[in-house]
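Reader: I have a structure to study for my course. Could we go through it together, one topic at a time?
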Amino acid sequence: MTGLPPLPVVATWFRRAEVAPGIARIEEPHVHEFLRANIWHVRGRDRDLIVDAGLGVASLREHLPDLFAHDPILALTHAHLDHVGSAHEFSDRRMHRLSSVDAHTAASLRGPELAELLGFDAPGIPDLLIESAPIGFDPAAYAIRPAPSTSPLEDGDVIELGDRRVTVLHLPGHTPGSICLFDEASGALFSGDVIYDDILLDELQESDIDQYVASMLRLSILPVRTVYPGHGDPFDGGRMREIIADYVSARRR
Ligand SMILES: [Zn+2]
């Protein structure tokens, strides 16, 4: 492996914005858009819910200590590196029983190497997937710290926050253990990589297109009002149904 060029060092790694009452989006702006994922912080009366855990390049506990102040439940939508990196920092970690964060989790910040590990073609993927680094970080030493599930999830499980509750939907296709979290009272869907407003990845080594189509059809009939996706901006239920219709018709051709 060739050496890495020195990266600019930044003191602030995460960017946070409130996008709805009690719902904040946390991003990693110095990560290349291919890997830049959302972390969602949902405030509850009794406990907070954190959906996904970023790339693990910087410590969430160090940079955003208030995320840990209200007995948080971490729920992972699936076990790809850009969603699980800081999972080890949480004590209550929940993910589908088919997902695991361990020594086998594919992890590299080198574009071509990551493409090979995940099993997809990515012509033009940059050599390095971060543009800056937090203080003291060595990209060549990047790895995912093991973070076993403390509470495996199944379809239909409910996560209680006091004044909010979300239901686990097992929607395989992108990965076997992909889940969405649905707040039926508000119509909010935390969708991970099951659906976002860009090209959906259904040809990775562990993907399954037939399952993906079935998951999309299941999602299409839910009363979703706002989607908080794993990548990119939130969108409404109408846009969700358009993305689903486009995906399903393309895959049925
Ligand atoms: Zn993914």
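Reader: To begin, which residue forms a salt bridge with Asp92?
Author: The partner of Asp92 is Arg94, and their closest N and O atoms are 2.9 Å apart. Please keep in mind that this is a predicted model.

Reader: Is Asp92 buried or exposed?
Author: Asp92 is buried, because its relative accessible area is 15% and the limit for buried is under 20%. Arg94 is buried too, with a relative accessible area of 15%.

Reader: How many salt bridges are there in the whole structure?
Author: A search of the whole structure gives 17 salt bridges. One of them joins the side chains of Arg110 and Asp127, at 3.0 Å from N to O. That pair links distant parts of the chain, the two residues being 17 residues apart.

Reader: Where are Arg110 and Asp127 in the chain?
Author: Arg110 is in the loop between strand 7 (93–96) and helix 3 (111–118). Asp127 is in the loop between helix 3 and strand 8 (133–134).

Reader: And Arg110, buried or exposed?
Author: Arg110 is buried, with a relative accessible area of 8%.

Reader: Which residues are linked in a network of salt bridges?
Author: Such a network links Arg15, Arg25, Glu27 and Asp233. Within it, Glu27 forms a salt bridge with Arg15, and the closest N and O atoms are 3.5 Å apart. This pair also links distant parts of the chain: Glu27 belongs to strand 3 (residues 23–27) and Arg15 to strand 2 (residues 15–20), 12 residues apart.

Reader: A new topic, please. Where is Asp202 found?
Author: Asp202 lies in the loop between strand 13 and helix 4. Asp202 is buried, because its relative accessible area is 4%, and buried means under 20%.

Reader: With which side chains does Asp202 make a polar contact?
Author: The side chain of Asp202 makes a polar contact of 2.7 Å with the side chain of Tyr247. A polar contact of 2.7 Å also joins Asp202 to the side chain of Arg251. Leaving aside neighbours within four places in sequence, Asp202 is in contact with several residues, including Tyr212 and Ser207.

Reader: What about Leu200, and which residues is it in contact with?
Author: Leu200 is in the loop between strand 13 (188–192) and helix 4 (209–220). With neighbours within four places in sequence left aside, Leu200 is in contact with Val194, Ile195, Tyr212, Met216, Ile243 and Tyr247. At 11% relative accessibility, Leu200 counts as buried.

Reader: How many residues apart along the chain are Leu200 and Ile243?
Author: Leu200 and Ile243 are 43 residues apart along the chain, and their C-alpha atoms are separated by 9.6 Å.

Reader: Finally, in what order do the six strands of the open sheet come?
Author: The order is 10-11-12-13-14-15, and the pairing is mixed. The edge strands are strand 10 (158–160) and strand 15 (235–236), each of which pairs on one side only.

Reader: How many bridges join strand 12 to strand 13?
Author: Three bridges join strand 12 (residues 179–183) to strand 13, and the two run antiparallel. For example, the bridge partner of Asp183 is Ala188 in strand 13. As a general point, strands of a sheet pair through backbone hydrogen bonds, either parallel or antiparallel.

Technical notes:
Residues are numbered from 1 along each chain as its sequence is written. This is a predicted model: local features need pLDDT of at least 70, side-chain atom pairs count only at pLDDT 80 or more; totals for chains, interfaces and linings use all residues. Side-chain values use heavy atoms; hydrogens and water are left out. A salt bridge is a side-chain nitrogen of Lys or Arg within 4 Å of a carboxyl oxygen of Asp or Glu. Helices (H or I, at least four residues) and strands (E, at least two) are DSSP runs, numbered from the N terminus. Buried means under 20% relative accessible area, exposed over 50%, partly exposed in between (1.4 Å probe, protein chains only). Contact means heavy atoms within 4.5 Å. A polar contact is a pair of N or O atoms within 3.5 Å; within protein, one must be able to donate a hydrogen and the other to accept it, and residues adjacent in sequence count only if both atoms are side-chain atoms. Two strands pair if DSSP finds at least two bridges between them.
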